[in-house]
Amino acid sequence: MGRPPSRLAAFALAALGASATLSSARADEGMWTYDALPADLAARHDFTPSPAWLDHVRSSAVRLSNGCSASFVSANGLVLTNHHCAHSCIEDLSSAEHDYVAHGFHAKTAAKELICPGLELNQLVSIADVTERVTAATRDLGGEEFQKARRAITAGLEKECADSEALRCDVVSLYQGGVYQIYKYRRFDEVRLVFAPEMKIAFFGGDPDNFNFPRYDLDVAFLRAYAQGKPVATTEYLRWSKQGVAPGDLTVVAGNPGSTQRLFTVSQLVFERDVVLVELLLDLAQYRGFLDQYAAQGKEQRRVATSEIFFVENAFKAISGERAALNDPAFFSTLVQREDNLRAQVSKRPELVRKYGAAWNAIAETLQRFAQTRRALLSIEGSRGGSPWWATSDLFRWARTIVRGADERERPNEQRLPEFRNSRLERVLHHLLGPSPIDKPFEIAKLTFGLTRLREVLGADHAFVRQVLGAKSPSEVARDWVQGSRLGDPLERKRLWQGGTQAVSASTDSLIRFVKRIDAEARRVRAEYENEVESVLVKNAELVAQARFEVFGRSLYPDATGSPRLSFGQVRGWTEQGSPVSAFTTFGGAFARATGRDPFALPKSWNVARPQLDLDKPLNFVTDNDIIGGNSGSPVIDRTGDVVGLIFDGNIHSLGGAYGFDMTKNRAVAVDVRGIAYALEAIYGAPEITAELRAGQQ
């Protein structure tokens, strides 16, 4: 399973139909923006995509609101993505009577397709450069004034761009602040589930096989985008390949890689290695232990906890790999040398020293101070406007959204917290008002665990802990919150949201009252971080980026930011400890690997169909495309623009990809479209889906 998006270019064109500029770097390294492709693409792959090709792929490849990628694959709004990207939807639609996670889901007719609660699909419409407007607004400012100006200009740009509720606009920072672009998306806020196989085959091999290869997973799901109650009709979709791919074939991955830190300074990388990743691993390990204990209590507990266990295990393995990469002396030395080279070039030019020379030390000193206060920030406020790490409860997140949303909507748009700007309110509402089911015992258990951890981290005598718990135990507080809340009812959430500050003030809901009580302190901690830490990091990262541009020009690709990118490569295995690893696996390999015991137990449908199956059919394959978390669900396409595969993971060597790329061993793992179509027909009896997929073949 691919990583979740992580935690912590030349100037764009106003329209994407114009010719893209070219940048010099190895074509098989980098996640490139649509308007700035690698200069040696033609030389390496004999491939120069036309403006029409780029327009078509850009319109066909889409982004899901949960951070995953996807693509239109039919004229009738059919969308291809991973099972693990649709997992939350599948789980939300499941019940004790209909466990679609365990048994799969297949809507044979449109009438049986089910709405995915809270899931939205975004289609990129255009990119425009706004660098000068952003930098002009923040020039010569620092601290709180810098933050206010940056917040105001980005809010204004997004509001100016998103002139319809059908649109979403994001100001995207590239090159750690060296370039700012605004991305305009068309929103599809009704997405329905069409097909998903059983969890046993979508994640066959479980955690032991995760981030490994050979793999034998059918990690696929089909969704459908709707508009005004009808399937979206579109001419922009990826045709289903007739012949698939062979070793050496060019492959293009079109997706939304979440976050890389390849342009971080050394001090930022050290902070990641020694502080951020260590603390994340500790938190995840403890939360995983709690989830395993809860799931062991019974079948229903296992069902409701499966999704979180799934993602926690995945995150733990991914972050462990990232830290291992940064702890590799040889790898880390290359990162140090890269920075040393840049700083040496800057030091040779007095004018560059005056403008940029102090930036690296400013970042390092700020991080040293932040290390002392970081845990308090995460415990009280959370990061990037999200809930604190202990608050895994949906009820708590909804309460915070309602309370803060009421306050923020009374402020001018440019003064609001970013998550409540006008340009983002439709997405907020989509998540807040969706009919996501609530399991109260699980909510109580998660809050009990989280409050216990809060007390452990900050200490029983910390003022915030006393404010939260008072004289009660974590389990008592958690039970009081959940039993005294009506936020599980979407109509109650809608009433409170629409009622604004008056309704929130009058509410007797236990969680609403609690969030109101702690919000002043949470906002204070957040403001302190934004004004004293984030503002310094952002401002000086911009200076480092500008120094890099002056020394090397804009020949590098930007770090991943969750925005649409293309990566280029080819179908290629690798050598592991002297032995070749083949680029392909087959259905027969899945049966050979199966033991009948989880996580190597195939579902009943596969075992029943086995006598009639062609076991030589391809199932998974690897390429040397550069991917990262967020690329899950990305289509793999060939030079004609046909979809040949579906990214769902990387190999173990890809885990250091947040900080660098090794083309000799880093591999992206995909489901072969030939295997998807074969399974739909030979195992799942879904010829209507394959007929829809093949309708566009030429």
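With -80 degrees about its S-S bond, the link between cysteine 68 and cysteine 85 is left-handed. That link is a disulfide with its sulfurs 2.2 Å apart, and a disulfide here is a pair of cysteine sulfur atoms within 2.5 Å. Keep in mind that you're looking at a predicted model, where local features need pLDDT of at least 70, side-chain atom pairs count only at pLDDT 80 or more, and totals for chains, interfaces and linings use all residues. Residues are numbered from 1 along each chain as its sequence is written, and side-chain values use heavy atoms, with hydrogens and water left out.

Where do cysteine 68 and cysteine 85 sit? Cysteine 68 is in the loop between strand S3 (61-64) and strand S4 (69-72), while cysteine 85 is in helix H3 (residues 83-93), so the pair links distant parts of the chain, 17 residues apart. Helices (H or I, at least four residues) and strands (E, at least two) are DSSP runs, numbered from the N terminus. Both cysteine 68 and cysteine 85 are buried. Buried means under 20% relative accessible area, exposed means over 50%, and partly exposed is in between (1.4 Å probe, protein chains only).

How many disulfides are there by this rule? The count comes to 3. Another of them joins cysteine 89 to cysteine 116, S to S 2.1 Å. Its torsion about the S-S bond is about -70 degrees, so this disulfide is left-handed. Cysteine 89 lies in helix H3 and cysteine 116 in the loop between strand S7 (114-115) and strand S8 (121-129), so the pair ties together parts that are 27 residues apart in sequence. Cysteine 89 counts as buried because its relative accessibility is 6%, and cysteine 116 does too because its value is 2%.

Then there's cysteine 161, joined to cysteine 169 with S to S 2.0 Å. This link is left-handed as well, with -65 degrees about the S-S bond. Cysteine 161 is buried at 12% relative accessible area, and cysteine 169 is buried at 0%. If you number the bonded cysteines in sequence order, the pairing reads 1-2, 3-4, 5-6.

Now for the rings. A pair of aromatic rings is described by the distance of the centres and the angle of the planes. Rings of Phe, Tyr and Trp (its six-membered ring) pair if their centres lie within 6.5 Å; planes under 30 degrees apart count as stacked, over 60 as edge-to-face and the rest as tilted. A search of the whole structure finds 26 aromatic pairs. Why is the pair of tyrosine 100 and phenylalanine 105 edge-to-face? Their centres are 5.0 Å apart and their planes stand at 80 degrees, so edge-to-face is the label. Both of these residues are buried.

Phenylalanine 587 and tryptophan 606 have centres 5.1 Å apart and planes at 10 degrees, so this pair is stacked. Phenylalanine 587 lies in helix H22 (residues 587-593) and tryptophan 606 in helix H23 (residues 604-609), so the pair ties together parts 19 residues apart in sequence. Phenylalanine 587 and tryptophan 606 are both buried. Elsewhere, ring pairs link Tyr287, Phe290, Tyr294, Phe442 and Phe449 into a cluster.

The charged end of arginine 409 sits over the ring of tryptophan 497, 3.8 Å from its centre. To qualify, NZ of Lys or CZ of Arg must be within 6 Å of the ring centre and within 35 degrees of the ring normal.
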